[in-house]
Amino acid sequence: MRPLFFTLGLMLAGTAATADDDVRRAHYNYQMFCQGCHTPDGSGAGDVPRLKGQVGVFLNSQAGQEFLVRVPGAATSALDNEQLAELLNWIVREFAGASIPANWRPYSGREVGALRKQPLKEVIRYRGQILADIARARH
């Protein structure tokens, strides 16, 4: 009986370590692929949009949720679909704050894989359109 509990304990410890590793990997990928423009704290720089306290606004519409995957830096990144989903979910959890909607559904690797096949070519105008649509829907 004792070996069974020991084995179960090891399995559970391995699961917890995997979750921690996922968070560390997502943070590392943010440092490598995103923070050069979005800054370490997500506040953005110059014309680069702020993530901190605002990225969750996009999650109030399907087009907004898709937008975050389709922006060129995400869609064309070297990360595989699972890692990109993990990174986007980390960004939302880390930076959205009060802007995250209660009904937010985390990204999946399958969803990311389908969406990144259609990267955006014109980002600024499309982002403005999505934000205007979300604002109209709220009022």
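**Reading the model**

Modeller: From the N terminus on, the elements run α-α-α-α-α-α-α. The model is predicted, so local features need pLDDT of at least 70 and side-chain atom pairs count only at pLDDT 80 or more, while totals for chains, interfaces and linings use all residues. Residues are numbered from 1 along each chain as its sequence is written, and side-chain values use heavy atoms, with hydrogens and water left out.

Biologist: How many helices and strands are there in the protein?

Modeller: Helices (H or I, at least four residues) and strands (E, at least two) are DSSP runs, numbered from the N terminus. The protein has seven helices and zero strands.

Biologist: How is burial read, and which residues of helix α3 are buried?

Modeller: Buried means under 20% relative accessible area, exposed over 50%, and partly exposed in between (1.4 Å probe, protein chains only). Of the 139 residues of the protein, 35% count as buried. In helix α3 (residues 62-70), the buried residues are Gly64, Gln65, Phe67, Leu68, Val69 and Arg70. These buried residues of α3 pack against α4 (72-75), α5 (81-95), α6 (109-115) and α7 (124-138).

Biologist: Why does Thr39 count as buried?

Modeller: Thr39 is buried because its relative accessible area is 15%. Thr39 is found in the loop between α2 (35-38) and α3. Not counting residues up to four places away in sequence, Thr39 touches Tyr30, Cys34, Gly44 and Ala45; contact means heavy atoms within 4.5 Å.

Biologist: What is the volume of the largest pocket, and which residues are the closest to its centre?

Modeller: Rolling a probe the size of a water molecule over the atoms shows where empty space is left. On a 1 Å grid over the protein atoms alone, a pocket is an open set of points where a 1.4 Å probe fits, with protein on both sides within 12 Å along at least five of seven lines; lining residues have an atom within 4 Å of a point. Grid points are joined across faces, edges and corners, and a volume is the space filled by probe spheres set on the points. The largest pocket has a volume of about 660 Å³. Of the 26 residues that line the largest pocket, His38, Pro49, Leu51, Leu68 and Val71 are the closest to its centre. The elements giving two or more residues to this lining are α2, α3, α4, α5 and α7, and α5 gives the most, with five residues.
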